[in-house]
Amino acid sequence: MLDTTLANRQRNHLLDRDSVWLFGYGSILYKTGFDCLEQRTASLHGWVRRFWQGSHDHRGTPDAPGRVVTLVREPAARCLGLAFRIRPETLAALDVREKNGYLREAVALELGDGGRADAVTYIAPPGNGAWLGPASEPEIARQIATATGPSGPNRDYLLDLAASLRALGADDPHVFALERTLLALPGR
Ligand code: SIN
C-alpha cells in the first residue's frame, strides 16, 4: 500500500524553528489529537478543498476505499481552515496519520487577524497512489455513505467536517452540497 511517511520525514520545511504553523482543512479541524501551543482561523489562497482523495486506512479499506479531502489548485479560490502552532516534533505522528498519499508542503497562510505566516500542510497531489479524482456529487455521496474504516464511518468524516466549517463561518459549496446529498439518500 502507498505510504508517504518516509518521504515526509525527509521534508524539512520550517523545521529549524522552535514552533511551526500547521494548516488543517480536513479531519485536522475536528480531530486534533496533538499538542498545540496556539490556534487561529486561517486561509490559504489559490486552493480548494475537494473529496478527491481515497482513504484505504482511516475511512475505508483497500477493497472499499472511502473519500476524504485534499487541496486542489484553483487560482481564484480561498480555503478557510485552522492554523495550529505546534512543536516541529509533533509532525512525526501526523506524518503517520496522513500517510495515505499526503505530502507535507510549505504554504503561505493568511491568519484571521490579517497577519501572514509560513506554514506546513498535508496535500495529497493528483495522481498519487490513493487518488480518486473528481466524480459527480451523488457518486461521491454514495461512496461516503457506505464506506467505513478503522477511524470510523466515512459519513462521520463528512458530517464532522461540515459542522466544523459551519462553526468557522466557512462558505464551502462542495462540502455542504455533499452533506445535503448524503443526508437525502434513502435510509440516511
Ligand atoms: C487536514 O485535515 O488538514 C488533512 C486532510 C485530512 O486529514 O483530512
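**The ligand site and a helix residue**

The ligand sits in the largest pocket. A pocket here is an open set of points on a 1 Å grid over the protein atoms alone, with protein on both sides within 12 Å along at least five of seven lines; sitting in one takes more than half of the molecule's atoms within 2 Å of its grid points. The model is a predicted one, with local features needing pLDDT of at least 70 and side-chain atom pairs pLDDT 80 or more, while totals for chains, interfaces and linings use all residues. Numbering runs from 1 along each chain as its sequence is written, and side-chain values use heavy atoms, leaving out hydrogens and water.

Around the ligand (a heavy atom within 4 Å) are Phe-23, Gly-24, Tyr-25, Gly-26, Ser-27, Ile-28, Val-69, Glu-98, Tyr-102 and Tyr-157. That shell splits into 6 nonpolar, 3 polar (Gly is classed here) and 1 charged.

Now for the ligand's oxygen atoms. One is 2.5 Å from a side-chain N or O atom of Tyr-157, a polar side-chain atom of Ser-27 comes to 2.8 Å from a ligand oxygen, and for a backbone N or O atom of Tyr-25 the distance is 3.0 Å. As for cover, the protein takes up 97% of the 250 Å² of accessible area that the ligand has on its own (Shrake-Rupley, 1.4 Å probe). Strand β1 (20–24) and helix α2 (27–30) each give two or more residues to the shell; these are DSSP runs, at least four residues for helices (H or I) and at least two for strands (E), numbered from the N terminus.

Elsewhere, Val-96 belongs to helix α3 (residues 91–97). Val-96 counts as partly exposed because its relative accessibility is 40%, between the buried (under 20%) and exposed (over 50%) classes, with a 1.4 Å probe and protein chains only. Asn-8 is 88 residues away from Val-96 in sequence, yet their C-alpha atoms are 9.1 Å apart in space.

Definitions and conventions. A polar contact is a pair of N or O atoms within 3.5 Å; within protein, one must be able to donate a hydrogen and the other to accept it, and residues adjacent in sequence count only if both atoms are side-chain atoms. On a 1 Å grid over the protein atoms alone, a cavity is a set of points where a 1.4 Å probe fits but cannot get out, and a pocket is an open set with protein on both sides within 12 Å along at least five of seven lines; lining residues have an atom within 4 Å of a point.
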